[in-house]
Amino acid sequence: MRYVSTRGQAAPRDFEAVLLAGLAEDGGLFVPETWPELSAAEWRALRGLPYPALAARILGLFGAGAMPLDAMCRDAYAGFGHPAVVPLVQTDHNIFALELFHGPTLAFKDMALQLLGRMFDHVLAKRGERLTIVGATSGDTGSAAIEACRDRAAIDIVILHPEGRTSEVQRRQMTTVLAPNVKNIAVQGDFDACQDLVKAMFNDAPFRAEMHLSAVNSINWARIAAQIPYYVAAALALGAPDRDVAVSVPTGNFGNVLAAWAARRMGLPISGFVIGSNHNDILARFLASNDMTAKPVEPSLSPSMDIQVSSNFERLLFELMGRDATATTDAMTRFRAEGRMPVPDAAWRQATALFRGFTLDDAGTLAEIRRLWTTAGYLADPHTAVGTAAARALPPADPATPVIVAATAHPAKFPDAVERATGIRPPLPARLDDLYEREERFGVLPNDLGAIEAAVRAHARRNAA
Ligand SMILES: *Cc1c(COP(=O)(O)O)cnc(C)c1O
């Protein structure tokens, strides 16, 4: 299996090269040259597999089979807090929450990142190389990246967070990881300052080469690939391929819902997709009126969906435009320059035949959390509540079709919103209940590129030695 860039100017690569590269050198995103497709009999044969075995089978179809996938997947999901890894919980007539939050940091990013950390380590060891991962976080993605990279032999990781501006749970989920290859830096500045420092490190070519800098951001194809198996698991459990299912996803960068679309592209009978947004609803506006205009981000109760631009949308756009890399490049270039993406009418119509958008404000989100609790005894986090509300507002054409809702965060990760809505403060799972007693370790540095680079260099040197 080879991968090509959505912009058409990068040389095709195999899975391992795409994993290490992240973004293609022409600025595009890697996609499979051809999609694997399964027959109904082949889908049926996957029923009942334990989740790690199913994940290994699916990833094998995407050319990752040179790695010891079975052992890797077993290892990646062994630490999850539920024996099913991704349990399905019915919350309503024909609505099922697919719980993707039983990993170490209680959010769905763990599903892909736990596997990616192991894949990186394996490929780097084989090549005799090392990497330094740097990232900026306002809270959530930093902890998932740290948990994915901790104790990996060939990886060092440095995460910048704005001093005093993350919640205590978020900070402790990062700073209590005492593995020697992990370094946390509290920057005396805000999140934008952290992000600018990371960009500046990547733009400092000699430093970038010296440190082998890399990122584990959501445009990496391997993250999408690792998110496909849970949609397969849920659909098979609900009767696919002998019955249609629908999917509703609380969406930010479009990575999670793109993985569901990929499962459909592989032949799984998914009749349609609902995209849930908070008031940062560029995708809902696009689907309603072909208006893909970036707007300033406003904070919401579902911060992991507070986005201006959904970076993975480029992969769908490429498919909608018949894999025309020139047209994709043109649309993306104009979007960057003008803040509005010109999507041809035919492509937009195709999108609206499969995807529907739904916007929920903070008041609606609290009302949905309350409703789930009073009607079903189900405690949902604000992101998941956007997904269940979207599923109810836009049901499938055939009412017999079950809807799978991606439940993307544990309610204890957003205890303030859940308590406001229900009066109940959800406790952390037992494996995390000593989080407030654990030792923390982090450096505090000024918002200064020289100081940050020196700290990254010292960290990477010490571990490489
Ligand atoms: C990242 C995230 C999302 C958005 O997922 P995308 O793949 O970016 O669309 C939704 N909910 C939670 C809790 C997240 O962490």
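**Salt bridges and ligand surroundings**

The side chains of D151 and R150 meet in a salt bridge (a side-chain nitrogen of Lys or Arg within 4 Å of a carboxyl oxygen of Asp or Glu), with an N to O distance of 3.7 Å. The structure is a predicted model, in which local features need pLDDT of at least 70, side-chain atom pairs count only at pLDDT 80 or more, and totals for chains, interfaces and linings use all residues. Residues are numbered from 1 along each chain as its sequence is written, and side-chain values use heavy atoms, with hydrogens and water left out. D151 is exposed, at 52% relative accessible area, whereas R150 is partly exposed, at 29% (buried, under 20%; exposed, over 50%; partly exposed, in between; 1.4 Å probe, protein chains only).

By this criterion, 29 salt bridges were counted. In one of them, the closest N and O atoms of R265 and E37 are 3.2 Å apart. R265 belongs to helix α11 (residues 255–265) and E37 to the loop between β2 (30–32) and α2 (40–44), so the pair ties together parts 228 residues apart in sequence (helices, H or I, at least four residues, and strands, E, at least two, are DSSP runs numbered from the N terminus). R265 is partly exposed, at 31%, and E37 is exposed, at 55%.

Around the ligand, an oxygen atom of the ligand lies 2.7 Å from a polar backbone atom of G252, and a ligand oxygen is 3.1 Å from a polar backbone atom of F254. A ligand oxygen is also 3.4 Å from an N or O atom in the side chain of S304.

Conventions:
A polar contact is a pair of N or O atoms within 3.5 Å; within protein, one must be able to donate a hydrogen and the other to accept it, and residues adjacent in sequence count only if both atoms are side-chain atoms.
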